[in-house]
Amino acid sequence: MQALHIKAKELLESGRVRVIIGYGEGSSGRVRPVFIRNVSEAEKLVWDNRCKQNLAVYLLKPEIKKIGMPAIVATPAAVMSIVQLISENQLKNGDLVALAIEDDSVTEISDDVSLETYVQSHPVIFPPSVKEEIRTIAEKSLQDRLKYWQDELSRCIKCYACRVACPLCYCERCITDVNQPQWVCVASHLQGNFEWHMNRAMHLAGRCIECGSCTLACPVGIPIGLITIEASRVVEKEFGQKPGLRCNAPSAMSTFKVEDVETFIK
Amino acid sequence: MNDQSKIITHDNLLKFLDALRTSGKDLYAPQRKAQKTFFLPVDNVQSIVFDYVQTTESPKALLFPKVERLISYEYVDGQVQVMDHAESRKVNECILFGSRPCDAVALKTLADFFSRDVPDVFMQQRHDALTIISISCTKKDENCFCTSVGTSPGDTTGSDILLTPVEESRYYAEVLTEKGRALVDALPEYFEISGPVEKEKYVAKLENVFSSEEITRRLSKAFDDPMWNDASLRCLGCGTCAYVCPVCSCFDIQDEGNNKRGDRLRCWDSCGFALFTLHTSGHNPRPTQSERWRQRLMHKFSYMPEKYDLLGCVGCGRCSRACPVDMNMKEQLEEIVAEIKAI
């Protein structure tokens with residue numbers, strides 16, 4: 001952690017960055033996002049295995065952008081999100097400094113090439129329990145799978161914590177907030193919950209970098225990330241493209257090629 | 001009330017609940033799901049849990065469901081039929097078991113809030129049909145602050161029966177209202193008459209860290225305080241805090257339907273959303289999260305007490321526990337006391 005504090009001080013002191021987006025001690029033994037703007041606060045930064053939330057979500061928040069050049073304490077998932085955001089023209093070379101920490105040494109990553117190199121050597125690995133969950137659900141019959149999701153999604157209260165916790169859910173006006181006309185059912189009944197989560201899944205298909213922040217954020221314990229993870233897996237299988245690996249990759253779901261075979265058109 | 005003070009053993013409590021469950025009433029009690037605790041309909045009293053400090057969601061949905069159908073229309077044989085559910089529906093008798101004293105205070109606040117000016121029939125029907133059996137808190141955590149907002153771990157306000165765990169898996173039962181008495185009188189075999197019980201000996205001790213009056217006083221000068229911006233930087237603007245809160249009552253009216261049939265619905269809404277105050281013109285009077293976070297605090301601790309003589313918070317701590325970025329209500333209120341100068 002000492003190396004992080006030294007790096008943070010150095011970055012702030014030199015004026016290269018205005019704010020360090022990182023983790024700090026929170027309440028009840030939790031860590032929370034902190035925004036360090038003064039050298040005197042640099043030692044508030046924390047780095048340990050509690051630091052799971054994907055902080056890349058703050059890179060596009062207007063209030064944070066207003067502060068100025070950011071450095072971000074980045075987990076491998078956060079770096080992947082940054083790469084994906086660059087590929088979607090939401091960030092560009094030089095917009096930020098990512099701080100990757102390993103064995104108490106801090107590496108600055110800021111240009112496209114080093115970001116890509118980093119994600120290649122640091123794949124996002126989620127716990128075996130997630131793999132197991134995906135497998136169990138995939139093995140269910142279509143009817144049982146529907147029943148499983150009906151049971152899970154009936155608990156959804158449409159707080160949209162999944163949306164706000166996701167670095168790739170950055171639309172200035174989310175489709176569910178477009179109300180002239182209202183496209184997605186507002187009510188949090190089962191149909192409304194399905195409509196919302198299906199929309200989110202479709203919009204994140206091929207873009208979800210599998211950080212699990214949505215699942216982590218869900219107050220009612222729905223493993224909601226499994227849907228977008230699976231949707232991205234399908235895109236990878238069908239189009240051979242995994243998100244978050246290349247800064248100039250076209251988006252599989254919004255790119256058209258004349259040689260695309262469209263067997264689904266009968 | 002002494003003649004209404006009784007003792008019930010844990011075994012008899014489960015039998016009592018089972019008898020209530022099979023009497024045709026709806027019974028909701030804390031049960032586990034996805035490693036969290038929710039008030040769920042009870043199929044088997046053995047699945048009721050007792051070892052929680054506080055449930056994940058509040059019991060407010062029993063009075064103020066996340067979706068309430070207000071009116072419906074249907075096109076039948078060339079005629080449009082309109083159904084006003086306030087008149088046509090029948091609300092089943094419901095028993096809420098295992099709420100905390102702060103929850104019972106919150107449900108009373110919610111009912112009072114919806115009965116000012118024009119009483120809300122939907123709320124009233126549900127409130128009339130609800131009997132609340134609360135359990136005093138013997139445990140607390142660092143998010144609890146009920147004593148700072150005028151309630152306490154053994155507060156009887158709003159409950160119909162309050163159970164306080166005492167020695168040997170027994171509960172001291174205070175039967176507080178006619179509704180509570182009706183339940184006990186129908187099944188007297190499970191209760192024993194009790195002598196005086198020193199309740200305070202058994203309930204959790206919670207230090208008073210501030211007074212809500214002080215917060216209200218300070219907030220009246222705090223609208224333009226720079227503190228709001230810093231305090232809300234990490235807030236991501238979801239509705240979690242509002243939706244787990246037992247007092248938050250903002251709603252949105254939505255019409256859903258087609259040319260054959262449709263419903264008018266009352267849905268939960270939250271001041272934390274940008275859309276909440278977005279005008280048709282495109283102007284938003286609360287353009288950033290800072291104004292929205294301020295609104296949440298102001299509404300609960302300034303506007304509600306000043307306009308309606310009600311406090312919008314009971315110190316249950318759910319918002320702090322559920323927040324994905326650890327926005328902590330108690331901590332924020334302590335900061336207000338420390339940083340904003342009183343008048």
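Which kind of unit do strand 4 of chain A, helix 3 (residues 76–87) of chain A and strand 5 of chain A make? They make a right-handed β-α-β unit, where a crossover counts as right-handed if, with the strands pointing away from the viewer, the path from the first strand over the helix to the second runs clockwise. Helices (H or I, at least four residues) and strands (E, at least two) are DSSP runs, numbered from the N terminus.

This is a predicted model, in which local features need pLDDT of at least 70 and side-chain atom pairs count only at pLDDT 80 or more, while totals for chains, interfaces and linings use all residues. Residues are numbered from 1 along each chain as its sequence is written, and chains are lettered from A and ligands numbered from 1 in the order in which they are written.

**Strand 4 of chain A**

From strand 4 (residues 70–73) of chain A, Pro70(A) and Ile72(A) point one way and Ala71(A) and Val73(A) the other way, and all are buried; a residue is called buried if 20 or more other C-beta atoms, placed from the backbone, lie within 10 Å of its own, exposed if 12 or fewer, and partly exposed in between. Two strands pair if DSSP finds at least two bridges between them. The table sets out strand pairings in both chains.

| Strands | Sense | Bridges | One pair of opposite residues |
|---|---|---|---|
| strand 4 and strand 5 (residues 97–102), chain A | parallel | three | Ala71(A) and Val97(A) |
| strand 11 and strand 12, chain B | antiparallel | seven | Phe251(B) and Trp268(B) |

**The sheet of chain B**

In chain B, four strands form an open sheet in the order 5-4-12-11, with antiparallel pairing. Strand 5 (79–84) and strand 11 of chain B are the edge strands, each of which pairs on one side only. On average, neighbouring strands of this sheet are turned by 15° against each other, direction ignored, where the axes are lines fitted to C-alpha atoms and angles run from 0 to 180 degrees between N-to-C directions. Strand 11 of chain B is joined to strand 12 of chain B by a hairpin through three residues.

**Where the chains touch**

Across the interface, 35 residues of chain B are in contact with 28 residues of chain A, contact meaning that the C-beta atoms of two residues, placed from the backbone, lie within 7 Å. Among the elements that give two or more residues to this side of chain B are strand 11 (251–257), strand 12 (261–268) and helix 9 (289–308) of chain B.

In helix 6 (residues 212–219) of chain B, Ile215(B), Arg218(B) and Leu219(B) are buried. These residues cover an arc of only 95° around the axis, which puts them on the same side of helix 6 of chain B; the arc is that of the directions from the helix axis to the C-beta atoms. Helix 9 and helix 11 (329–339) of chain B are included in what covers them.

In helix 11 of chain B, Met329(B), Lys330(B), Leu333(B) and Ile336(B) are buried. Seen down the axis of helix 11 of chain B, these buried residues fall within an arc of 120°, so they line one face of the helix. Their cover includes helix 6 and helix 10 of chain B.
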